[in-house]
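Look at the sequence and the structure shown here.

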Amino acid sequence: MIDWQNLVVGPCTTALGQAAQITYGGQVFPVTGVFDEAYSQTDVSDGMAVTTVRPCLGINVAQVNLGGAPLSALQDSRVIVFASPFPGGAPAVDTEYIVQEARADGHGWALLIMNLAPTPADEPAGGGQDA
């Protein structure tokens, strides 16, 4: 049997990981994850290929205690990926995202597919209320 944690997940996180934090259920979990600002996914379910490109963060599932909830509970959680320590790496500045989907690989790794979180500048003038 392959020891995925010690042979794959741990070394991958050590070599390529960068600091992030996940806010779930009012708790903040500091994590080290592998960030990709341009994860692409192609869907051909209706006969036409549609490709989407989104940021994602690969994490060791053991870093986040969901209290017995399934990994899908991370959907809509907030994630801050701190500025990359790697030259030319992404993101260049601390950036907040919202988890759109969480996918486990069955070996202790999860891929959090995310969208950029709205910023105060994205809010309509007047807080979105009619004047």
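V8 has a relative accessibility of 37%. Buried means under 20% and exposed means over 50%, with partly exposed in between, so V8 counts as partly exposed. The model is predicted, and this value was computed from it.

V8 belongs to helix α1, which covers residues 4–16.

## The barrel

Six strands form a closed barrel in the order β1-β2-β3-β6-β5-β4, and the pairing is antiparallel. From one strand to the next, the twist averages 45 degrees. Helix α1 packs on the sheet and touches β1, β2 (27–43), β3 (50–60) and β6 (109–116). The direction of α1 makes about 90 degrees with that of β2.

Strand β1 (residues 18–24) and strand β4 (residues 78–81) run antiparallel and are joined by four bridges. A20 has V81 in β4 as its bridge partner.

## S77 in its loop

S77 is placed in the loop between β3 and β4. Is S77 buried or exposed? Its relative accessibility is 6%. The cut-off for buried is under 20%, so S77 counts as buried.

Which residues does S77 touch, not counting those up to four places away in sequence? They are I22, T23, Y24, Y97, I98 and V99.

Key:
Residues are numbered from 1 along each chain as its sequence is written. This is a predicted model: local features need pLDDT of at least 70, side-chain atom pairs count only at pLDDT 80 or more; totals for chains, interfaces and linings use all residues. Side-chain values use heavy atoms; hydrogens and water are left out. Helices (H or I, at least four residues) and strands (E, at least two) are DSSP runs, numbered from the N terminus. Buried means under 20% relative accessible area, exposed over 50%, partly exposed in between (1.4 Å probe, protein chains only). Two strands pair if DSSP finds at least two bridges between them. Axes are lines fitted to C-alpha atoms, for helices over the stretch in contact, and angles run from 0 to 180 degrees between N-to-C directions. Contact means heavy atoms within 4.5 Å.
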